[in-house]
Amino acid sequence: MKNKILIFSSIILSTLVPLSAYAQDSQDYGIPEVSFINQQIRQGWDDYEIRPSTLATDGEWCRRVFLDIIGRVPSVEELHKFVKDKDLGKKKKLVTQLLNDENYTEDYAKNWTTLWTNVLIGRSGGTERNSLTNRAGLQKYLRDSLARNKYYNEIVQELVTATGSNTPGTENYNGAVNFLTMKLEENATLATAETSRVFLGLQVQCTQCHNHPFNEWKQQKFWEMNAFFRQTRSLRRFTTGTRNVSHVELVNESFTGEGLTKDPDKADIYYELRNGITKVAYPVFVDGTKIDPSGYVEDVIRRDELGKLIVNSTYLDKMAVNRIWAHFMGYGFTKPIDDMGPHNPSSHPELVDYLGQQFRKKSFDLKQLITWVVLSEPYALSSRTNSSNETADDPLLGETPKFSRFYIRQMRAEELYESLITATSADKGRGSYEEQETRKSQWLSQFIVAFGNDEGGEQTSFNGTIPQALMMFNGDLVKQATKKDGGSFLDQLAKSNLSNTQKINYLFEAAFARQPAKKEVEVANKLLVARKGDLTAALQDIWWAVLNSNEFILNH
Amino acid sequence: MMSNSNPMNMSRRHFMSHMAGASAMTMPALAMGETLYANADDLKRRRKSAILLWMGGGPSTMDIWDLKPGASTGGPFQPIATSGNAQISEHMPLMAKQMHNMAIIRSMSTREADHNRGRYYMHTGYVPNPNIEHPSYGAVLSNQLIDQRPELEIPPFVAVGGGSVGPGFLGMAWAPFSVSSTGQVRNLDMGLGDDRLYQRMYALDLIENGFINQRRGSAASDHQKILKKTLNLMTSEQMKSFKVADEPESVKERYGNTGFGRGCLMARRLVEVGVPFIEVGLGGWDMHSNIHQTLSDTKLPELDQAMSALTEDLEQRGLLEDTAIIWMGEFSRTPRINGNAGRDHWARSWSVVVGGAGMNGGIAIGKTSADGTRVETDPYSSQDVMASVCNALGISLQTTFTSKSGRPMKIANSGKVIKELFS
């Protein structure tokens, strides 16, 4: 089947047969969702008269699947196993393995814990002075949930409704509380905005102060959503007999309302219009569903109601689909991905709706959703452009993504870290999980640039600036990765019984999932001469150059 | 043993250091160097720079530059006289002595009152658009001014102590080089001899080119440009200008022992070495509560000390006539004081301060209403400020960039020069 596509693609290249002709021909692994994705995406190519890129090589595909699912490049052994497999269903086999094989459970859970932690509390959440967030607490909760593939709706419900302590090892520990513990100041405006944005793809923060000029959200809706959070409080708990904070506890307490009457049976809140007029609000969900306005927790726990309403909303399905799609494809169906309100139509509306429905139908199983996306045809395409899609499908040029090629992107900082570790065992004797994570977050902290406002805005990316290039040139991690003392990765490679050519191949495969080109072998040999036959030193130079190259730090 | 081609087009000086042994090549290159530096002296006399003092979070300009004593919205601060014609806050006594150099634009009226949107708009002159990333001040101005300084080996856009906005469609080569206010640049030393560094760069360049030639898009080639800049920087004497610690104690004291103070001092040093654009960040202005105490106790003294030192220092060194100073945040704060003794986000009527590079000082331009809630004269925008700064720096407002999609974009988004600054 796959060979057929390859042959077919080359026919298209040379003869430009009608574009729709390839429609029946791509692999769907007998999965209807994959088939639907392929059909819908191809429809877009036809509509725009775009010829997709050819398929990525096995090595390229393997590298990106490892990066995107478990957050690191494949080892040389893992790569060989896949590339040498003759089974036509080997892609499905690999995806199944990465998602379900217990050898990969830890990597999978770690990668998605990182991704979700950044979504839920940002890259710096929990590192602030006197933080109410316990980053490790949230990560423990996520890791446990993801490792046993807790369904997405359950995770969301738990994050929205959680009560308990934020710190592992304390009484009533429930790490899920860390999503909200630090978002409750100033009448929980941040909790309102972030819950809507992260889970529903609705951006309401601007409507806190005024009706939004472009979308349907009105100020009233913001405060009606906000009313769901007003029974919730973050309380600092102290170690008995001291003034040291032991942990933070998220609790629901009866709320008397803000009105003069203080009538908890109808606990109201007030907000101010721009013209100074004050208006009242009660808890009402975005779709207009009202709940009992009582502020007594004995009558109604507002967040519990909100949790139910959120997991029943189709916005939940679409937002999850868009987030997962964007993670694998580099771009979502909307831009930004978490702004899916009616004012911002998606590029493939039928596909979003369908995948959302299927995701709900299949119990909100994230691993199934991932499988559909990863086995789809657009994910299998090369990142090399052709004359037909070079500019017509370049989202950097402001074009709507048509997914006719794999969009090249920088590895996330975390992926870079884990990949360096994998490729070189640079962090040998890594210690406990917590120690590893501490070391990693110390290294990652260099990517955080704070913006100096109260909303926790931050810019954190590995985006190829000069300080980051310096970090790759000369930083500790790369020094570790390229060191040549006894027992190091390069020392072991140099002393192995591989031939010199094989040793060079090994480095290229470890970093790029491909063998070196002729010119690259030549330059490696010149380096060996320049190092006067000191093989380890020559390997060190090659390895340094390889790790610093675009091909290594880009997911392609 | 390696080819003599110049990997990544390393800076001439650096490349020459490798070629020092090859006598055949040394002579013509040195001769070229002399004319280069002769021209550089000439260029140095008229080269322009700009320093953006970025007030992250949105400073309350009613409490700093446009006071309303006695108004219900006015707050407790009193105005004081200055060396110019405009009054400013009593908590800015040092700056008051420098106001003959600065103009307060009191009729700023913008629409973006969200931090991210406001930061983007004030940095670029454009409102955020999901389909295109516009280049920021630093990227645009350094791109335009770079030709005046062929000797510059360090990045032309430096951001000190905080984030800026990126280069957008101009590409990563114009991204801000971010440093902390200590001036410490990490990971500068490879700890290898130059020959080996050079050989590694040669191998790296070959691998990079292989990938770029496979039509992988702009991310692949942008990376190579950054590598070149990085290499230049690693080997440059000009890196010394980041070391504010080398300044005399009295100078350091004058700027203030604060992050912002060191940042402003570094900005002056960078202007001296030829960096065309420096952004110095001072965050923490997002004062939704207890605003006046925070301003008078900490924020304004820090600002006053450093900003006045910078202005004075540039003037004394004769640099102010070629260096524009821009003071602004993403927006300002509500005239109304809220229930927590704070002020919230407000963009409709506020102030920006500019000076230097030949712009008129000592004046206030435009006027707000008695309670500060409205602009009563012609309103000015981010584009207008940018157009005026460009004008002061000798950059034509007809300059047009082409976005990656081929769309032409006028510099400063067709803003109008604020004429009071130049008449």
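A: Happy to; what follows starts at the contact between the chains and then moves along the charged pairs.

Please keep in mind that this is a predicted model. In it, 58 residues of chain B are in contact with 61 residues of chain A. Together the two chains bury about 5200 Å², and 60% of that area is on carbon and sulfur atoms. Three residues, B:Ile207, B:Arg215 and B:Arg216, supply 14% of the area that chain B buries against chain A, more than any other three residues.

On the side of chain B that touches chain A, the elements giving two or more residues are helix H4 (115-124), strand S6 (177-179), helix H6 (194-212) and helix H7 (218-234) of chain B. H6(B) gives the most, with 12 residues. Sorted by class, that side of chain B has 24 nonpolar, 19 polar and 15 charged residues.

Now for the charged pairs. A:Asp541 takes part in a salt bridge with B:Arg196, at 2.9 Å from N to O. A:Asp541 also forms a salt bridge with B:Arg200, where the closest N and O atoms are 2.8 Å apart. B:Arg200 lies in helix H6 of chain B and A:Asp541 in helix H22 (residues 535-547) of chain A, so this pair joins two chains. Both partners are covered: B:Arg200 is buried, with a relative accessible area of 4%, and A:Asp541 is buried, with a relative accessible area of 0%.

A:Ile466 is in helix H17 (residues 466-474) of chain A. Leaving aside neighbours within four places in sequence, A:Ile466 is in contact with B:Pro155, B:Phe177, B:Ile226, B:Lys229, B:Thr230 and B:Leu233. A:Ile466 has a relative accessible area of 7%, so it counts as buried, the cut-off being under 20%.

Moving into chain B itself, there are 11 helices and 14 strands, and 59% of the 423 residues count as buried. Among contacts in chain B between residues at least 6 apart in sequence, 72% join residues at least 24 apart.

B:Glu247, B:Arg268, B:Arg269, B:Glu272, B:Asp313 and B:Arg317 are linked in a network of salt bridges. B:Glu247 lies in the loop between H7 and helix H8 (249-255) of chain B and is buried at 8% relative accessibility. The side chains of B:Glu247 and B:Arg268 are joined by a polar contact of 2.7 Å. Beyond neighbours within four places in sequence, B:Glu247 is in contact with B:Lys252, B:Leu265, B:Arg268 and B:Arg269.

B:Arg317 is partly exposed at 39% relative accessibility, and B:Glu272 is partly exposed at 31%.

Helix H10 (residues 291-316) of chain B also holds B:Ser308, which is buried at 0% relative accessibility. The side chain of B:Ser308 reaches the backbone oxygen of B:Gln305 at 3.0 Å. Not counting residues up to four places away in sequence, B:Ser308 touches B:Leu94, B:Met95, B:Gln98, B:Arg254 and B:Leu303.

A:Glu258 forms a salt bridge with A:Arg230, the closest N and O atoms being 2.4 Å apart. A:Glu258 lies in the loop between strand S3 (245-252) and strand S4 (269-272) of chain A, and A:Arg230 in the loop between helix H10 (219-226) and strand S2 (232-238) of chain A, so the pair ties together parts that are 28 residues apart in sequence. A:Glu258 is partly exposed, with a relative accessible area of 29%, whereas A:Arg230 is buried at 10% relative accessibility.

How values were computed:
Residues are numbered from 1 along each chain as its sequence is written. Chains are lettered from A and ligands numbered from 1 in the order in which they are written. This is a predicted model: local features need pLDDT of at least 70, side-chain atom pairs count only at pLDDT 80 or more; totals for chains, interfaces and linings use all residues. Side-chain values use heavy atoms; hydrogens and water are left out. Contact means heavy atoms within 4.5 Å. Buried area is the accessible area (1.4 Å probe) that two parts lose on being put together, summed over both. A salt bridge is a side-chain nitrogen of Lys or Arg within 4 Å of a carboxyl oxygen of Asp or Glu. Helices (H or I, at least four residues) and strands (E, at least two) are DSSP runs, numbered from the N terminus. Ala, Val, Leu, Ile, Met, Phe, Trp, Tyr, Cys and Pro count as nonpolar, Asp, Glu, Lys and Arg as charged, and the others, Gly among them, as polar. Buried means under 20% relative accessible area, exposed over 50%, partly exposed in between (1.4 Å probe, protein chains only). A polar contact is a pair of N or O atoms within 3.5 Å; within protein, one must be able to donate a hydrogen and the other to accept it, and residues adjacent in sequence count only if both atoms are side-chain atoms.
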